[in-house]
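Trainee: Please take one part of this model and look at it closely. Then connect it to the rest of the chain.

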Amino acid sequence: MRAVVQRIRNGSVTVDGSVTGSVEHGLLVYLGVEQGDREDDIAYLARKIAQLRIFEDQQGKLNLSVQDIGGSMLLISQFTLC
């Protein structure tokens, strides 16, 4: 399993002209899942991503997680990562 994580101010996914998902201020996660990946691997990665301290605090230090800022995650399946 592999993931690419990016901070975003806003983002959306459009399929056939219809928005299927969108977020304001949070994370964009491209996720590749391989045969043999287990549920506990998925749970570990989800916790790890949710707790990444990649947002700035009041002092400008990268010290806040997406949970801390009340942000959202936009998850996109990306099998080519694997």
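**A loop residue and its surroundings**

Mentor: Ser 65 sits in the loop between strand 4 (62-64) and strand 5. Helices here are DSSP runs of H or I with at least four residues, strands are runs of E with at least two, and both are numbered from the N terminus. This is a predicted model: local features need pLDDT of at least 70, side-chain atom pairs count only at pLDDT 80 or more, and totals for chains, interfaces and linings use all residues. Residues are numbered from 1 along each chain as its sequence is written, and side-chain values use heavy atoms, with hydrogens and water left out.

Is Ser 65 buried or exposed? Ser 65 counts as buried because its relative accessibility is 3%. Buried means under 20% relative accessible area, exposed over 50%, and partly exposed in between (1.4 Å probe, protein chains only). Which residues does Ser 65 touch? Setting aside residues up to four places away in sequence, they are Ala 50, Gln 51, Leu 52, Arg 53 and Phe 55. Contact means heavy atoms within 4.5 Å.

Phe 55 leads on to the core. The largest nonpolar core has seven residues: Leu 27, Val 29, Leu 31, Leu 45, Ile 49, Phe 55 and Val 66. Such a core is a set of buried Ala, Val, Leu, Ile, Met, Phe, Trp, Tyr and Cys residues joined through side-chain atoms within 4.5 Å. Strand 2 (18-32) and helix 1 (39-50) are the elements that give it two or more residues. Strand 2 gives the most, with three. In soluble globular proteins, nonpolar side chains tend to be buried together.

Take Leu 45 next. Beyond its neighbours within four places in sequence, Leu 45 is in contact with Met 1, Ala 3 and Leu 31.

Now follow strand 2 to its partners. Two strands pair if DSSP finds at least two bridges between them. Strand 1 (residues 2-15) runs antiparallel to strand 2, with 13 bridges joining them. In that pairing, Gln 6 has Leu 28 of strand 2 as bridge partner. Val 13 has Gly 21 of strand 2. Strand 5 (residues 72-77) pairs with strand 2 in the parallel sense, over six bridges.

The hairpin of strands 1 and 2 has two residues between the strands. Asp 16 lies in that loop. Its phi is near 50 degrees, a positive value in a residue other than glycine. Asp 16 is exposed because its relative accessible area is 78%. His 25, within strand 2, also has a positive phi, near 45 degrees. His 25 counts as partly exposed because its relative accessibility is 39%. Most residues other than glycine have a negative phi, and most peptide bonds are trans.

Step back to the whole chain. It has one helix and five strands, in the order β-β-α-β-β-β. Its C-alpha atoms fill a box of roughly 40 × 35 × 15 Å along the principal axes. Of its 82 residues, 22% are buried. Among contacts between residues at least 6 apart in sequence, 56% join residues at least 24 apart.
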